[in-house]
Amino acid sequence: MAAVRFTLNGKPQTVDAVPAMPLLWVLRDTLGMTGTKFGCGMSLCGACTVHIDGQPQRSCVTPISAVAGRRVTTIEGLSPDRSHPIQKAWIEEDVPQCGYCQSGQIMTAAALLSKTSNPTDADIDEAMRNNICRCGTYEDIRRAMHRAAELQRAGGAQ
Amino acid sequence: MSAFARALNVDRRSFLRTGATAIGGLLIGCYLPERRKLAADTAIAGNKLNAWVLVGNDDSVTLYIHKAEMGQGTVTSLSMLLAEELECDWSKIRTEFPGVDRAYGAFQGVVGSQSIRSSYISLRQAGASAREMLIAAAAQKWGVDRSACRAEKSTVVNTATNARLTYGSLAEAAARLPVPGNVALKDPAQFQIVGKSRKRLDTPGKVDGSITFGIDVRLPNMLYAVVERCPVFGGTVASFNDAKTKATPGVKSVVKISNGVAVIADSTWAAMEGRRKLVVQFDEGKVAAYSTPGITKSFADAVAQGAAPLRTVGDAAAALASASKKIEAVYQTPYLAHAPMEPLNCTAWVRPDGADVWASTQMQSSARQIAAQKSGLAPEKVQVHTEYMGGGFGRRGGVDYIGEAVEVAKSVDVPVKVTWSREDDMQHDTYRPASYCRFAGGVDAEGWPVAWTASIACPSFAGANTSTEGVRDMAYAVPNFSVDYHDVNPGVPVSYWRSVGYSQNCFFAESFLDEMAHTGGKDPVEVRRRFLGKNQRLLAALELAAEKAGWGPPLAAGHGRGVSVVNNIGSNTVQIAEVSVEKGKVKVHRVVCAVDCGAVVNPAGVAQQIASGIAFGLSALKGGVTIKNGRVEQGNFHQYDVVRMDEMPKVEVHIVPSQAAPGGIGEASTPGIAPAVCNAIFAATGKRIRQLPIRPEDLA
């Protein structure tokens, strides 16, 4: 066990954990933040996507030791009130079905939007093709991402 | 057992048994202190008017959704049925999943796309009955006749004075009134909510991570477990060495259960780490003798032997013998995993005098039954907490994972959450059966099909009719037809998979009908039109799809259109897919789907489910489960590929207006997409796909 200090959703966080324990399980089991989902454990499905220093990362294969000193943002920290343009657009377009993959979809989409303010369909395919949705919400996601870009340009950005 | 749990058990039972009971602050919020304060976790003080409706003192309305939500939109659509008659303010609705109770009928679960079909009348009655009690309470208060009052947006209006009383202020008095007998339901022409698109009630909690799925359940003092199961189906534990497992940080105990060895720890990760170090010897059993090539051969051998037909029309053998042109073809589909995004899991807490299970399940009634059986408790001592499902697709209609969690929980005196890894989920599924179908067909001198025989071999889990649905009961009035069936079961567990037998049999039948159309030189839509005869609903859907898709004029070289017609779960769907094939790669550009599912509750939900079913069916073109020595060869998404963002076609849904009894929708579009796409591939390339998943050599 070792103490790891990092920033979680804007606040300092310290956890005692086996260094190899993936961030996913620290979030879910140790800290009780269950918005980040377990899907595959092998960085194959994207359900566990969080931001580390602003970049989308797969928390299921990220050892907790690797986030020492870094900024981690989870779905719970994306906005305090579902006001991120991606969340607003997701609600407008009623994207989720079962919803299980959506935390990861949203975190991946938000990361794209933060660096590409007006993503093309090709940008969206490229960024999102490794986030699996078994309910088939892909076209709703695509529409919502274009809508989120509009909202962001109109001043909806944080 | 804690005071909280005791109180919860008592309160839950009593409030469901009595028609109307005052409840001051139900205990779920206290009971699950670690779960975030969701609206749905903190019941509102108020009055229950029947098993589905609680009116809060704060004018909120809590609707108890006795079904389960796996993405199909049931929480929203059932709320719409209740709210339509209840005349409540949609913005003040909250929903909860109640426990298992006879008040909700003999069976609680979501299977066979039945939720709307089985609730369309009963939930409107529940809403209307509660509304009448509120109106009666207002009439009493005002001292006027009931006919001088009407309900509107969570208030009762005195039509003479325009005075209003809110539902919240009336609920206590209403709850003391007798439950009315027959209450007239609205004429559908008067519907304000039903039939008009509504946004899903569960969306907000699904965009901020706050909705809890089964895997998110957290309880005081809970432990976490994983189970090492025999990789060969039906195998058993011979012996195991857990020395290194027990030395793993966080591991609390190791326990043998009926189907494997459970590792219990203080986190899921610790349990997984402990399991990695576990050494188990299994008796593999007889399924170890089976691999996919041998299984396929056993299907082919069975078909070659022939069998008495399940259904005949005319004399197919004679008609085939005298047909102008004859064709034969063999179609094959593999076992398929469900692969819901939320891997299987269940949290169980077994005490001497009661048990609780928290599960994302499609089968609450069966969940309680298996928990009772495995715990040795009476069913009424078991509380099932229905959690949101991260996908189900039929897999969560099984309760094996619930019984297993109860077994694990019996070994400890605290709640334990058993989580399946993706590999556990994929390699210990109950699969869509692999299937094999041999067709023969003949067309007459004019080119119209006159004879059609089908011989199907696959493992059965629900009888021959389920195994052959989609061929046996096809809507086409072909004059001479026969189908026979061979139940060949090597022991790989099989069960319901979204759209069940239709999922493979419609691929077979709709593809072969296309083959017959081309053999006779006929247009595939024209052949379908002719043989749908007097089936007006399918014909109308076919015409609508053909019109919207622009069927007829040819597409650019390398592009093609394909059509499929499906009648399942009480609904009718026609799909027309547009594809291109370039360098051996299939791209599905567009799918037009005309659907007649009878009276529609939520059109937006219908459109979502059509796209969803298409995505699910498209994945069957890409992935499959193969067996080697009794084991599943695929373990995760790199080996079992599914449809992704860049592969999802544009889906255009056209609903045929109808006031017929509602059909199902969750499984309506899954069967039709594979044949529509494969028929389009033929139109584009001349290559006929007769085996799924599509292999590169099929397009070469």
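**Conventions**

I took two strands as paired if DSSP finds at least two bridges between them. I read helices (H or I, at least four residues) and strands (E, at least two) as DSSP runs, numbered from the N terminus. I noted that this is a predicted model, in which local features need pLDDT of at least 70 and side-chain atom pairs count only at pLDDT 80 or more, while totals for chains, interfaces and linings use all residues. Residues are numbered from 1 along each chain as its sequence is written, and chains are lettered from A and ligands numbered from 1 in the order in which they are written.

**Entry 1: the seven-stranded sheet of chain B**

I looked up an open sheet of seven strands in chain B, with the order S11-S12-S9-S19-S16-S17-S18 and mixed pairing. Its edge strands are S11 (251-257) and S18 (382-386) of chain B, each of which pairs on one side only. I recorded an average twist of 20° from one strand to the next; axes are lines fitted to C-alpha atoms (for helices over the stretch in contact), and angles run from 0 to 180 degrees between N-to-C directions.

Helix H13 (residues 400-409) of chain B lies across S9 (223-229), S11, S12 (260-265), S16, S17 and S19 (416-419) of chain B. I noted that H13 runs at about 45° to S16(B).

**Entry 2: the three-stranded sheet of chain B**

I next examined an open, antiparallel sheet of three strands in chain B, ordered S6-S7-S8. S6 (149-152) and S8 (164-166) of chain B each have a single partner strand, so one side of each is left without a neighbour in the sheet. Neighbouring strands here are turned by 25° against each other on average, direction ignored.

S6(B) and S7 (residues 155-158) of chain B pair in the antiparallel sense over four bridges. I identified Asn158(B) in S7(B) as the bridge partner of Cys149(B).

Helix H5 (residues 122-142) of chain B lies across S6, S7 and S8 of chain B and runs at about 130° to S6(B). Helix H6 (residues 167-175) of chain B also packs on this sheet, touching S7 and S8 of chain B, with its direction at about 75° to that of S8(B).

**Entry 3: a helix pair in chain B**

I recorded that H16 (residues 501-519) and H20 (residues 670-685) of chain B pack at an angle of about 30°, with their axes 7 Å apart. H16(B) and H20(B) are therefore roughly parallel (angles under 35 degrees; over 145 is roughly antiparallel, 65 to 115 roughly perpendicular and the rest oblique). Their crossing is right-handed, that is, the near helix is turned clockwise from the far one by less than a right angle.

On the H16(B) side, the contact residues include Tyr502(B), Cys506(B), Phe507(B) and Glu510(B). On the H20(B) side, I listed among them Pro671(B), Ala674(B), Cys678(B) and Phe682(B). By class, the contact has eight nonpolar, five polar and two charged residues. In this scheme, Ala, Val, Leu, Ile, Met, Phe, Trp, Tyr, Cys and Pro count as nonpolar, Asp, Glu, Lys and Arg as charged, and the others, Gly among them, as polar.

**Entry 4: domains**

Domain bounds come from an automatic or database domain assignment.

For chain B, the assignment gives domain 1 (1-202), domain 2 (214-285 + 344-419) and domain 3 (292-335 + 431-699). The C-alpha centres of domains 2 and 3 of chain B lie 38 Å apart. Their contact takes nine residues from domain 2 and 10 residues from domain 3.

**Entry 5: chain A against chain B**

I recorded a contact of 43 residues from chain A and 51 residues from chain B. On the chain A side, the elements giving two or more residues are H1 (23-30), H2 (85-92), H3 (102-115), H4 (121-128) and H5 (138-156) of chain A. By class, that side has 23 nonpolar, 12 polar and eight charged residues.

How values were computed: Contact = placed C-beta atoms within 7 Å.
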